[in-house]
Amino acid sequence: MSAAELFSLRGRRALVTGSGQGIGLTLARGLAVAGAEVVLNDVDPARLAQAVARLNDEGFTATGRAFDVTDAAAIAAGLADFTAASGPGIDILINNAGIHRRAPLESMPLESWQAVIDVNLTSAFLVSRAVVPGMLQRGCGKIINICSLNAEISRPTIANYAASKGGLKMLTRAMAVEWGGRNIQANGISPGYMRTDMTGTLTVDPEFDRYIRARTPAGRWGEPRELIGAAVFLSARASDFMNGQILFVDGGLLSAL
Ligand SMILES: NC(=O)c1ccc[n+]([C@@H]2O[C@H](COP(=O)([O-])OP(=O)(O)OC[C@H]3O[C@@H](n4cnc5c(N)ncnc54)[C@H](O)[C@@H]3O)[C@@H](O)[C@H]2O)c1
């Protein structure tokens with residue numbers, strides 16, 4: 001098999017959750033460049049429509065499905081045409097949708113705890129549960145869960161987020177164990193600190209910006225496009241014997257004391 005074939009996604013259909021902007025949109029475009037037809041999702045229909053139009057304008061085959069990834073009924077309705085027994089199916093699923101609700105742990109509202117667990121962790125169970133029966137039927141599939149450095153290390157005010165991403169890391173391993181014998185590979189990507197809306201308040205905080213640059217061996221923030229290589233690899237034949245692993249794309253941060 002040539003190197004191009006190892007990494008080609010031609011003929012594959014990929015669903016990326018939370019892809020109206022940020023990392024999700026960048027990964028959807030990256031998979032499309034590698035040949036995949038992409039299905040975008042977001043809870044914000046206007047943002048989603050704009051993202052789909054952008055990819056179509058750039059010449060890619062992209063469609064959108066607006067639904068809340070925490071709502072099982074909405075997921076079923078939003079993906080009905082793909083997941084029906086005779087439907088075309090989803091070959092690659094990237095569970096990317098995520099939120100932050102920062103607060104000191106001792107005064108964190110239950111609503112903030114629950115919302116973050118629901119969107120960052122339970123959603124990956126719900127969307128995978130909807131999509132995987134078709135993968136099992138077709139005898140192959142790739143799942144990529146977007147975890148975080150905070151699946152390994154935490155800082156004050158993000159206990160809900162760290163718990164959700166630690167859970168997502170273990171859900172990734174559980175998926176690998178449960179479905180690996182039926183040719184589904186489930187792996188994760190843990191980004192370091194990347195410039196997106198989610199980190200917008202942090203990138204403009206001079207003290208935090210200095211801290212991240214000093215703390216990261218690369219000496220800078222990451223850009224979402226720097227996650228594309230890992231996502232294409234984990235979506236392609238090149239990773240067919242890799243299962244239950246987490247790739248850290250963090251400029252070396254996790255290795256530094
Ligand atoms: N930005 C970083 O530095 C960073 C680092 C590590 C991990 N991550 C993870 O990467 C993923 C993407 O982050 P981002 O920085 O691009 O965030 P972002 O806020 O820019 O984009 C997230 C998108 O998800 C959508 N979304 C939120 N809740 C949803 C729901 N219930 N249903 C469907 N869509 C929903 C939002 O509308 C938004 O378009 C998240 O899981 C995040 O935790 C980000």
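Predicted model: local features only at pLDDT ≥ 70, side-chain atom pairs only at ≥ 80, totals over all residues.
1. Residues are numbered from 1 along each chain as its sequence is written, and side-chain values use heavy atoms, with hydrogens and water left out.

2. The structure holds 5 aromatic pairs, where rings of Phe, Tyr and Trp (its six-membered ring) pair if their centres lie within 6.5 Å, and planes under 30 degrees apart count as stacked, over 60 as edge-to-face and the rest as tilted. One of them joins Phe-208 and Tyr-211, a tilted pair at 5.6 Å centre to centre with 55° between the planes.

3. Both Phe-208 and Tyr-211 belong to helix 9 (residues 206–215), where they stand 3 residues apart, about one turn of the helix; helices (H or I, at least four residues) are DSSP runs numbered from the N terminus. Phe-208 counts as buried because its relative accessibility is 10%, whereas Tyr-211, at 40%, is partly exposed (buried means under 20% relative accessible area, exposed over 50%, partly exposed in between, with a 1.4 Å probe and protein chains only).

4. Phe-208 also forms a tilted pair with Trp-221, at 6.3 Å centre to centre and 50° between the planes. Trp-221 lies in the loop between helix 9 and helix 10 (228–235), so this pair ties together parts that are 13 residues apart in sequence. Trp-221 is buried, at 2% relative accessible area.

5. Elsewhere, Leu-110 lies in helix 6 (residues 110–138), and Leu-110 counts as exposed because its relative accessibility is 64%.

How values were computed
Helix = DSSP H or I, 4+ residues; strand = E, 2+ residues; numbered from the N terminus.
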